[in-house]
Amino acid sequence: MAKKRPAAKTAKPQLDNGEIPVVGAREPCPCGSGRRYKACHGAAAAHAVTEHVKRPFEGLPGECDWVALRELVPAATVPLSLRGGLPEGVPSVTLVTVLPMAWPALRREDGSVLLGLQNESSSGDLARDMADTLERALATEPGNPVPARRVPAEGPRLQDLLDPDGVFEPVVHTGFEFWIPDAESAQNASPEIAASLERANAAAIPTVKLTGVDAAYWCETPDKNHLRWVMPHPEEKLLDALARLHAAGTSSLGEGTKLVGSFRAHGLMVPVWDLPTGVTAEDVEKPAAELAERLATALTSDAPLTAEERRARGGLTNRQVTLS
């Protein structure tokens with residue numbers, strides 16, 4: 001039987017530089033190897049992604065509100081303070097929930113920067129992705145959006161760029177008119193932005209931030225209203241405390257309201273209450289403050305859960321939904 005000839009070794013493609021463009025996963029790799037991108041340089045790029053960061057906003061002022069604006073609130077803005085102050089030619093930097101055409105950021109004609117929050121993460125660390133976008137926005141010529149890109153595995157995070165002593169005070173809006181700086185600009189907005197604004201306003205759920213407690217947001221839906229409250233406490237401890245209140249019949253926000261479950265988002269827990277349609281944000285201000293006091297007391301208890309409290313905890317756990 002004839003011997004098999006050893007396969008000829010194919011010379012590795014030679015590149016003029018080390019940058020391999022990003023293409024579709026099933027497309028031929030730009031390096032010239034003949035393999036699909038996902039099986040060649042795409043695989044290396046995937047492995048270079050940083051490990052998923054469970055709490056990307058940890059350490060920032062207002063972590064709970066960052067989570068709420070990222071996952072729950074349609075339209076909101078927050079002025080941001082940078083370490084060392086604003087660069088020359090940048091009058092302000094404002095965090096916004098979303099921008100037209102899902103731009104990661106926008107440098108306005110006056111040099112101000114709008115930084116979008118509700119965008120995809122490519123590095124596994126949302127704080128690193130947004131820091132990269134912010135740095136590029138500060139260097140972008142005024143009047144231009146900042147495009148999305150794959151973020152390097154190493155680089156600064158928001159915690160490195162933002163003032164750790166800065167105040168984080170969200171302003172919730174009824175619509176997205178903050179995209180357009182003034183009425184004159186609104187009249188001259190491009191058809192694309194005008195159409196995007198109309199679609200976004202039509203889809204926005206009416207939302208109000210409570211003033212008496214931190215990171216609690218009332219929202220209105222066609223069938224019923226809700227209160228969604230982002231809390232900073234460790235999840236297991238918080239579940240125990242809520243179970244104690246639920247078993248005692250003190251976890252509601254008044255007649256007709258009910259603690260129905262929770263979201264899990266960016267490492268924090270977000271309990272959710274159903275509210276009757278007629279219950280407004282103002283109506284739940286006082287009940288929410290009173291619940292906060294009961295919860296604070298329950299959080300201090302280290303006593304084993306009773307059988308009824310364990311059943312209540314199991315019900316809450318079964319109705320948890322992970323958003324991120």
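Hi everyone, let's start with a pair of helices: H7, residues 235-247, packs against H9, residues 307-318, at an angle of about 120°, with the axes 8 Å apart. This is a predicted model, where local features need pLDDT of at least 70, side-chain atom pairs count only at pLDDT 80 or more, and totals for chains, interfaces and linings use all residues. Residues are numbered from 1 along each chain as its sequence is written, and side-chain values use heavy atoms, with hydrogens and water left out.

Helices here are DSSP runs of H or I, at least four residues, numbered from the N terminus. Axes are lines fitted to C-alpha atoms over the stretch in contact, and angles run from 0 to 180 degrees between N-to-C directions.

H7 and H9 are therefore oblique to each other; that word covers what is left after under 35 degrees (roughly parallel), over 145 (roughly antiparallel) and 65 to 115 (roughly perpendicular).

Now, which helix crosses H7 at roughly 115°? It is H8, residues 281-299, and the axes of H7 and H8 come within 9 Å. Leu-238 and Leu-245 of H7 take part, as do Leu-291 and Arg-294 of H8. The residues of this contact divide into eight nonpolar, no polar and three charged.

Finally, the cavity: on a 1 Å grid over the protein atoms alone, that is a set of points where a 1.4 Å probe fits but cannot get out, and lining residues have an atom within 4 Å of a point. The largest cavity has a volume of about 90 Å³, the volume being the space filled by probe spheres set on the points. Its lining includes Trp-66, Asp-163 and Phe-168.

How values were computed:
Helices (H or I, at least four residues) and strands (E, at least two) are DSSP runs, numbered from the N terminus. On a 1 Å grid over the protein atoms alone, a cavity is a set of points where a 1.4 Å probe fits but cannot get out, and a pocket is an open set with protein on both sides within 12 Å along at least five of seven lines; lining residues have an atom within 4 Å of a point. Contact means heavy atoms within 4.5 Å. Ala, Val, Leu, Ile, Met, Phe, Trp, Tyr, Cys and Pro count as nonpolar, Asp, Glu, Lys and Arg as charged, and the others, Gly among them, as polar.
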